[in-house]
Each structure stands twice: as structure tokens, then as C-alpha cells.
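Here's a quick briefing on the open and closed spaces in this model, plus a look at one helix. Have the structure open as you read.

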Amino acid sequence: MQFSFIGALGEILAGSGFAAMADDPRSLIMILISFVLLYLGIGKKFEPLLLIPIAFGMLLANFPITGMLNAPTATSSPGMLWVFYQGVEHAIYPSIIFLGIGAMTDFGPLIARPSSLLLGAAAQLGIFAAFLLALALGFPGAVAAAIGIIGGADGPTAILVASRLARDYLPAIAIAAYSYMALIPMIQPPLMRLLTTKEEREVKMEQLRPVSKTEKIVFPIAVATVVILLIPDTAPLIGMLMLGNLLRECGVTERLSDTAQNALCNIVTIFLGLSVGCKAVASTFLTWDTIKIIILGLIAFMFSTIGGLIFGKIMCKLTGGKVNPLIGSAGVSAVPMAARVSQVEGQKANPANFLLMHAMGPNVAGVIGSAVAAGFMLKVFGV
């Protein structure tokens, strides 16, 4: 009886994940990395709503012989994580996240000051700077395009482009994008103080004009029509973004707007995070390319901030000192965090400064700008 018990125990251990892990010890490294990411999400609160599901998806994906990543065959059902990933594969999750973002976003500041679009466009400089640097480092054009989108400071957009153009690099790109978004309050202020003078940071801006209900209703319809006809590849992101905003502003779909902002967006965020994390396996993640992507992501964020600030300084000069250049840094599409950073830095220079609503114009323009840049990259490099 004792011998049979020991034998059975031996068979269980031999067929366990512990034994299988010995065949590829790199999976243990990936599990440890997932623990670090969980700590950053929980302990340091770095974009926890997505970083925690991503880290847990990475943890599940690197447990051996679970079958959760298995594709369906004639004799077996697909693994759970394989099923979840189809939402990324077919651009469903990022598009639904954009529906929620649209329902949460007030485009009023952008409508009141249309010149904010130029600041949002200038803040996409990091996308093209990182794209060119990635090409110089030897990445293929499609992969370089996906890496460059990190500079848009827009996680769902980065995930969508990476899923289309650089699937093997999806986890590294997504983790870089969301990690640097969480670090915006650390990355941007030194650049803001370096590139602007104290006098420029002290500039007080006049109150924005009131925006009518009609303008807010027409805006998403007009933007969707013009942008999608111009660049059809933007349809999944721009279409859902503007639908969400229309649900918010039209005044007759409060229940749908509330669902898009809360329940639907939260549910899809869980599936999106798990799907991204499940692609972070040792064979594709533990490479020098991952380190390069992390570095290029930081460079992209810095250049995007610099682009917005420089154009903000130009607008300050052209308007005779009526535009505070600090709002240019909000042109990255991390809503509303980047706008809050502009507000904080403005008040440090002048306690009477209230830049938040002014900064929200470039901020929401950056969401549109990053989606347009993504559509352009998909048009050029997509199959």
C-alpha cells in the first residue's frame, strides 16, 4: 500500500507543471516578471486596471501544460485564453474601449478652441520619431510602426496596431505603453520646465467660450464622417470613439452612455488585459528586442511631449502671449492625466493659473490624432 501511494505520488509529480517547467526554465523567469508587474499594479498603482489583468494573463500563459493557449482542432476544444485573444485578433476589445472613452470624454474644450487640434497633432511627433529609430535599429517596417504608436500614449490604439502588425511584440508594446502612461507625472514635468521659460509658464489664459448642445452633437458625427472617409483604416477606433461621444451628448441615450462608460468598458478591460498578457511567453518576450521596445517607448513619450511643447511655444508667440505653452504637453492622448500635469505645472508657476480645461482641448485632440496616426500606419504597412 505504501509503495503504491509513493508510486502514484511520483506519477502526479512527473505529470505536473513543476516537472514540465524543468524542460524550459525560462517560463519561471516569465512567472517572476508577472509577479513584478503585479507588484507595480497593486503596490505602486501603475495603471492597475489594465496592468493587473495583463500580469495575471502572463502568469497563466507561462504555467506549462495547461492547454489554455491551445487552438481548436478537429478533436479538441480551444483553450480559454485562445478564445479570449480572438477579441484582440479581430480588433474588438480596443474598439469597445474606445466606445467607453468616447462616452467619458467632453469634446467641448476642443470645439471651443479648434486650434487645439494642432497641438494634438504636434504631440504625435513621438510616434514618427520612434518609428524612424526602430527602423534604424533594424526592426521591419510593420514592427517599427507598431512600436512608434507607443508615442501616442494611447494603450488601446497601441494594442490594436500591434495585433495587426507585430503580434509577437504585442505584450512588450502594451506593457511599455501602459507603464509610461502611468509615469507621465514623472516624465513630463522635467521636459516642461526645460523647454519653457518661467514667463511662459505663468501665462493666464482667458476662459473658453460656451459650447452649445448642437455643436456637441454635430461634432462626433462630422469627425467620424470626415476622418473615416479620409483614412478608412481609422474606422474601428474613430467610429467607436465618436459613437460613444454621441451617446453621451445627444441627451436621449443616458442608459447606453452609462453602460459604455462603466460596465461594458470594465468587462472588456479584463478580457483585453488577459489577452495581451497571454501572449507574453518566454520565446517572444525574453529577447533583446523587448529591451529595445521599452527604451523606444520612453523616447516616443519624450518626443511627443517635446512636440506639443514646441508647438505650444509657437502658438504663444503667434497669439501675443495668450496661449500657455504648457497645454501643448497635454497633446498626448493620456486622458485626463496629461491635462492634469499641465494644470499642476501651471499652478506651480502662477497659483492663479487654471489650465485644466484649456489643456483638455489638446488632450482629447491627441486621442483623435493617435487614432489617425494608427490608421495611417495600418494603411501603409497593413496586409
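What volume does the largest cavity have? The largest cavity comes to about 40 Å³. This is a predicted model, where local features need pLDDT of at least 70, side-chain atom pairs count only at pLDDT 80 or more, and totals for chains, interfaces and linings use all residues. Residues are numbered from 1 along each chain as its sequence is written, and side-chain values use heavy atoms, leaving out hydrogens and water.

**Cavity** (on a 1 Å grid over the protein atoms alone, points where a 1.4 Å probe fits but cannot get out; lining residues have an atom within 4 Å of a point)
- The structure has one cavity of 30 Å³ or more.
- Its lining includes Leu160, Arg164 and Asp233.
- H21 supplies the largest share of that lining, three residues.

**Pocket** (an open set with protein on both sides within 12 Å along at least five of seven lines)
- The largest pocket holds about 840 Å³ of space.
- Among its 30 lining residues, Glu47, Leu49, Ile101, Met104 and Val335 are the closest to its centre.
- H17 (254–277) gives the most to this lining, with six residues.

**Helix H3** (helices are DSSP runs of H or I, at least four residues)
- H3 covers residues 26–42 and reaches 24 Å from first C-alpha to last.
- Its buried residues (under 20% relative accessible area, 1.4 Å probe, protein chains only) are Ser27, Met30, Ile31, Ser34, Leu37, Leu38 and Gly41.
- These cover an arc of only 115° around the axis (taken from the directions to the C-beta atoms), so they sit on the same side of H3.

Methods:
Helices (H or I, at least four residues) and strands (E, at least two) are DSSP runs, numbered from the N terminus. The expected span of a helix is 1.5 Å times one less than its number of residues. Buried means under 20% relative accessible area, exposed over 50%, partly exposed in between (1.4 Å probe, protein chains only). Grid points are joined across faces, edges and corners, and a volume is the space filled by probe spheres set on the points.
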